[in-house]
Amino acid sequence: AKAALVAGDFDAAAGKFSEAKAMAQKHGDAAGTLSGAKGTATALMRAGQLRAAVSELESVVDLAVSEGDSSVYGMLGDAHTDLAELGKAGAYYDKCLAMD
């Protein structure tokens, strides 16, 4: 998945990261689930599919909070910045900083 991301094949990367997330969920692996979701969202963001990336990240935000992973909030802030939704972006950045 990372190789596809580096190569610029964002659709393939998103698919592979999504598969990894599904396998992690099946095995109850919270860290793997988060990693897969963040990889999927990164690929979607690089492909310009910002709304899809936001949806992917929002699907794991509660898990991220329970795992103490503030990066999902930071990524949500980045996506909303790119969407020119600066109020939402600021709120997510504040949540990210509050966790760190």
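## What helix 2 packs against

The buried residues of helix 2 (residues 10-26) pack against helix 1 (2-7), helix 3 and helix 4, where contact means heavy atoms within 4.5 Å. Those buried residues are Ala13, Ala14, Phe17, Lys21 and Ala24; a residue is called buried under 20% relative accessible area, exposed over 50%, and partly exposed in between, with a 1.4 Å probe and protein chains only. They cover an arc of only 95° around the axis, which puts them on the same side of helix 2, the arc being that of the directions from the helix axis to the C-beta atoms. The opposite face, turned away from the buried side, carries the exposed residues Asp11, Glu19, Met23 and Lys26.

This is a predicted model, in which local features need pLDDT of at least 70 and side-chain atom pairs count only at pLDDT 80 or more, while totals for chains, interfaces and linings use all residues. Residues are numbered from 1 along each chain as its sequence is written, and side-chain values use heavy atoms, with hydrogens and water left out. Helices are DSSP runs of H or I with at least four residues, numbered from the N terminus.

The 17 residues of helix 2 should span 24 Å at 1.5 Å a residue, and its end C-alpha atoms are 24 Å apart, which agrees; the expected span is 1.5 Å times one less than the number of residues. Just after helix 2, glycine 28 takes a positive phi of about 70°.

## The nonpolar core

The largest nonpolar core has 25 residues, and those with the most contacts inside it are Ala13, Leu57, Val72 and Leu76. Such a core is a set of buried Ala, Val, Leu, Ile, Met, Phe, Trp, Tyr and Cys residues joined through side-chain atoms within 4.5 Å. Helix 1, helix 2, helix 3, helix 4, helix 5, helix 6 and helix 7 each supply at least two residues of this core, and its largest share, six residues, comes from helix 3.

Alanine 13 is also one of the buried residues of helix 2. Not counting residues up to four places away in sequence, alanine 13 touches Ala1, Ala4, Leu5 and Ala43. In soluble globular proteins, nonpolar side chains tend to be buried together.

## Salt bridges

A search of the whole structure finds three salt bridges, each defined as a side-chain nitrogen of Lys or Arg within 4 Å of a carboxyl oxygen of Asp or Glu. In one of them, the side chains of glutamate 56 and lysine 21 meet at 2.9 Å, N to O. This pair links distant parts of the chain, with glutamate 56 in helix 4 and lysine 21 in helix 2, 35 residues apart. Glutamate 56 counts as buried at 15% relative accessibility, and lysine 21 counts as buried at 11%.

Glutamate 85 forms a salt bridge with arginine 51, the closest N and O atoms being 2.7 Å apart. Here too the pair links distant parts of the chain, since glutamate 85 lies in the loop between helix 6 and helix 7 and arginine 51 in helix 4, 34 residues apart. Glutamate 85 counts as buried, at 18% relative accessibility.

## Aspartate 69 and its surroundings

Aspartate 69 lies in the loop between helix 5 (61-67) and helix 6, and is buried, with a relative accessible area of 17%. Lysine 38 forms a salt bridge with aspartate 69, the closest N and O atoms being 2.8 Å apart; lysine 38 belongs to helix 3 (residues 30-46), and the two residues are 31 residues apart.

The side chain of aspartate 69 also makes a polar contact with the side chain of serine 71 (2.5 Å). A polar contact is a pair of N or O atoms within 3.5 Å; within protein, one must be able to donate a hydrogen and the other to accept it, and residues adjacent in sequence count only if both atoms are side-chain atoms. Leaving aside its neighbours within four places in sequence, aspartate 69 is in contact with Leu34, Lys38, Ala64 and Met99.

## Helix 7

Helix 7 (residues 86-99) has 14 residues and reaches 20 Å from its first C-alpha to its last, close to the 20 Å expected at 1.5 Å a residue. Its buried residues are Ala89, Tyr92 and Cys96, and, seen down the axis, they fall within an arc of 70°, so they line one face of the helix. What covers them includes helix 4 (50-58) and helix 6 (71-82), whereas the face turned away carries the exposed residues Gly87, Asp94, Leu97 and Ala98.
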